[in-house]
Amino acid sequence: MTVVEELGPGEVRERVRNGDVRVVDTRSPAEYEAGHIPGAINVPLGDLAARVPDIEWDDTDVVCACPVGQSSKQAAMLIGSYEGVDEDVLVASMAGGYAEWEFELETGAAADA
């Protein structure tokens with residue numbers, strides 16, 4: 001079994017501010033609209049396998065975020081195994097998920113990835 005790297009919410013926030021990470025929010029659109037990490041794209045976990053090939057993956061690291069940091073590990077494994085994602089791109093899960101996120105949130109509908 002592949003071990004998924006985890007980043008703490010503070011590190012995710014720092015990397016979002018630096019613009020060197022892409023956040024994939026795997027929650028439902030309603031949860032996403034109620035509040036999400038600034039700049040995150042919303043790809044519900046159930047849709048992820050179908051949508052991964054349609055997302056433009058560049059050389060930016062990816063962090064998956066979910067309610068408590070469990071399903072985001074599955075999402076990170078799925079994205080990390082996609083051949084369109086470069087081998088040297090970090091694909092991680094946010095430890096503790098939104099339950100541990102104590103920072104600012106954006107609200108509103110998702111923009112298309």
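Analyst: The questions below cover salt bridges and surface charge in this predicted model.

User: How many salt bridges are there?

Analyst: A pair counts when a side-chain nitrogen of Lys or Arg is within 4 Å of a carboxyl oxygen of Asp or Glu. By this rule the count comes to five.

User: Which residue forms a salt bridge with Arg13, and how many residues apart in sequence are the parts that the pair ties together?

Analyst: Arg13 pairs with Glu104, at 3.4 Å from N to O. Arg13 sits in helix H1 (residues 9-18) and Glu104 in the segment after helix H5 (97-100), so the parts tied together are 91 residues apart in sequence.

User: Which residues are linked with Arg15 in a network of salt bridges?

Analyst: Arg15 forms a salt bridge with Asp61, with the closest N and O atoms 2.8 Å apart. Helix H1 holds Arg15 and strand S4 (residues 61-65) holds Asp61, so this pair ties together parts 46 residues apart in sequence. Arg15 also forms a salt bridge with Asp20, at 3.1 Å between the closest N and O atoms. The residues linked with Arg15 are Asp20 and Asp61.

User: Is Arg15 buried or exposed?

Analyst: The cut-off for buried is under 20% relative accessible area. Arg15 has 15% relative accessibility, so Arg15 counts as buried.

User: Which residues gather in the patch of negative charge on the surface?

Analyst: One of them is Asp86, in the loop between helix H4 (71-81) and strand S5 (91-94). Asp86 counts as partly exposed, at 43% relative accessibility. The patch gathers Asp59, Asp86, Glu87 and Asp88.

Terms used: Residues are numbered from 1 along each chain as its sequence is written. This is a predicted model: local features need pLDDT of at least 70, side-chain atom pairs count only at pLDDT 80 or more; totals for chains, interfaces and linings use all residues. Side-chain values use heavy atoms; hydrogens and water are left out. Patches are made of residues with over 30% relative accessible area and no salt bridge: like charges are joined within 9 Å, nonpolar side chains (Val, Leu, Ile, Met, Phe, Trp, Tyr) within 5 Å. Accessible areas come from the Shrake-Rupley method with a 1.4 Å probe; for residues, only the protein chains shown count as cover. Lys and Arg count as positive and Asp and Glu as negative; His and the chain ends are not counted. The place of a charge is taken as NZ of Lys, CZ of Arg, CG of Asp or CD of Glu. Helices (H or I, at least four residues) and strands (E, at least two) are DSSP runs, numbered from the N terminus. Buried means under 20% relative accessible area, exposed over 50%, partly exposed in between (1.4 Å probe, protein chains only).
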